[in-house]
Amino acid sequence: FGAGAEKELIKARQLGFSDDKVVPLLAKAYIQQQKYTEVFDLGDGSSLPSGPAAELLAARGLAFLGQNKTKQAAQALDAALKKNPDSLYGLVAVARLNSIALDYEAAHRRIKRALEIDPSYIPAWSFLGDLNRLENKQDAAVEAYTQAIDKRAYSDREKLIDQLKRTRLLIQLKRYEEAQQEIDKLAKRNMNHPGVNFLQGELYFRQQRWPEAEESFTRAQSYTGTDIVEALYYLGMAQYQQGKIVLAASNLSQYVMANPLRMQGRMGLALVKTRTRNFADVVDLLRPVVATDGTNVLALNLLSNALMQTGETDEAIELQQRIVQLQPESAAGMTKLGISQMRMGQQNRGLKNLQTAIELDPENQQADIVLILNYLREKSFQPALQAARAFVERQPDNVTAYNLLGSAYMGLEKSEEAEDAFKAALKLEPGNPMANYLLASMALKDADLDKARTYYEAVLKVHE
């Protein structure tokens with residue numbers, strides 16, 4: 001079918017071949033080219049025998065589907081199967097309508113019936129692959145596409161489409177070796193096909209081979225076709241992974257402009273804009289994402305961070321609270337919320353959430369550090385000491401924990417204990433600047449200049 005078939009069929013009709021032979025085939029050729037008006041111009045099949053009329057009506061139904069007129073499509077397809085309940089073309093067309101209505105069970109019944117009538121009917125196998133893919137039955141989809149591919153002619157255009165679909169599924173199933181073998185075969189016959197280059201790029205992308213992915217997607221998006229826009233997204237993300245921020249921003253911006261409702265593009269560009277600290281742009285990009293999917297934790301995190309940077313702290317904290325609700329066992333989320341609350345002057349709430357974060361993950365040193373530093377800043381030295389002791393107990397090899405413990409002792413004017421804590425830090429990390437600096441300050445306070453000099457020189461010896 002296609003343009004060549006259309007030309008020959010019109011010529012046959014002009015030469016006097018009967019409409020019941022030509023018209024159904026011509027309608028299918030028009031459907032292949034999305035020439036829906038031309039399908040309607042062929043009439044409703046009322047003058048044709050029931051078999052050819054069923055084929056024409058099925059084509060009319062598909063034309064209505066192509067125009068998103070599902071009610072008219074259903075009427076035409078119902079009429080088609082009344083004319084011929086065993087019309088293979090009609091059964092597959094009705095299955096397409098069922099799938100659009102998300103009635104996958106009905107769609108499977110239609111395809112099953114078509115294959116009972118003719119087990120070698122290729123369009124039924126091909127659509128069964130599409131149907132299984134829609135239901136996320138990837139292995140079953142691969143098998144259905146394989147059946148269609150094996151039954152098609154070598155040069156069939158539709159065969160290439162099924163091969164591309166099957167190969168993409170192999171990539172998604174992480175059957176990378178099989179996928180590469182398929183791509184190699186396809187490339188021999190279709191070297192410059194954008195779909196083949198796109199799949200090679202996607203395979204490299206999944207394998208985190210960023211330079212090769214970039215090269216393949218660059219080739220893919222140099223051709224026209226539906227894959228060009230998707231290639232821009234993957235190209236931009238491959239460039240982002242390599243630190244090519246300007247190029248990534250350009251390609252992802254083009255993708256978002258072409259597909260403003262595709263959330264993956266907004267997410268990708270937001271990552272780039274976060275890297276370049278264009279936080280106002282991040283907010284504009286991610287608000288629709290969060291509005292569409294309020295459970296997208298990465299989007300919530302990026303947006304809350306951007307809002308903090310743009311001064312919209314109330315909204316930022318609200319988003320962080322949502323993250324904690326979504327991931328109540330996340331110490332990182334609880335820590336971020338606690339820090340933000342403390343910045344906003346909500347000390348009690350912030351401290352409580354930091355303590356919760358420590359309980360969730362005793363290895364979460366950020367929460368410990370912020371909690372103890374806050375106590376020290378507030379001159380609440382006894383709580384600082386208790387928290388620092390607990391920090392040391394949980395992480396006895398952590399230099400920062402001993403420095404904070406020593407600082408708490410200093411605040412309580414317990415010089416001997418403070419000195420022991422700082423020296424414990426130096427055992428773990430000789431030359432640690434903070435421990436040496438604090439020991440030196442204690443020596444200067446005691447007017448012991450030689451001792452202070454020794455500590456300063458220890459830092460210089462390690463960090464010169």
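Predicted model: local features only at pLDDT ≥ 70, side-chain atom pairs only at ≥ 80, totals over all residues.
User: Is α8 largely enclosed or open, and which helices cover its buried residues?

Analyst: A residue counts as buried when its relative accessible area is under 20%. In α8, 10 of the 13 residues are buried, so the helix is largely enclosed by the rest of the structure; among the buried ones are Trp-125, Phe-127, Leu-128 and Asp-130. The cover over these buried residues includes α6 (88-100), α7 (104-117), α9 (138-151) and α10 (157-172).

User: Which residues form a nonpolar patch on the surface, and where does the largest share come from?

Analyst: Such a patch is built from residues with over 30% relative accessible area. Here Met-434, Tyr-437, Leu-444, Leu-449 and Tyr-456 form one, with about 500 Å² of accessible area together. Helices α26 (433-445) and α27 (449-463) each supply at least two of its residues, with the largest share, three residues, coming from α26. Leu-444, found in α26, counts as partly exposed because its relative accessibility is 41%.

User: How far is Asp-78 from Tyr-437, in sequence and in space?

Analyst: Asp-78, placed in helix α5 (residues 70-83), is 359 residues from Tyr-437 in sequence and 86 Å away in space, C-alpha to C-alpha. With a relative accessible area of 42%, Asp-78 is partly exposed.

Technical notes:
Residues numbered from 1 in each chain as written. Heavy atoms only, no water. Helix = DSSP H or I, 4+ residues; strand = E, 2+ residues; numbered from the N terminus. Buried < 20%, exposed > 50% of the residue type's maximum accessible area, 1.4 Å probe, protein only. Patch = residues over 30% accessible without salt bridge, like charges linked within 9 Å, V, L, I, M, F, W, Y side chains within 5 Å. Areas by Shrake-Rupley, 256 points an atom, 1.4 Å probe, with all protein chains shown as cover. Salt bridge = Lys/Arg side-chain N within 4 Å of Asp/Glu carboxyl O. Contact = heavy atoms within 4.5 Å.
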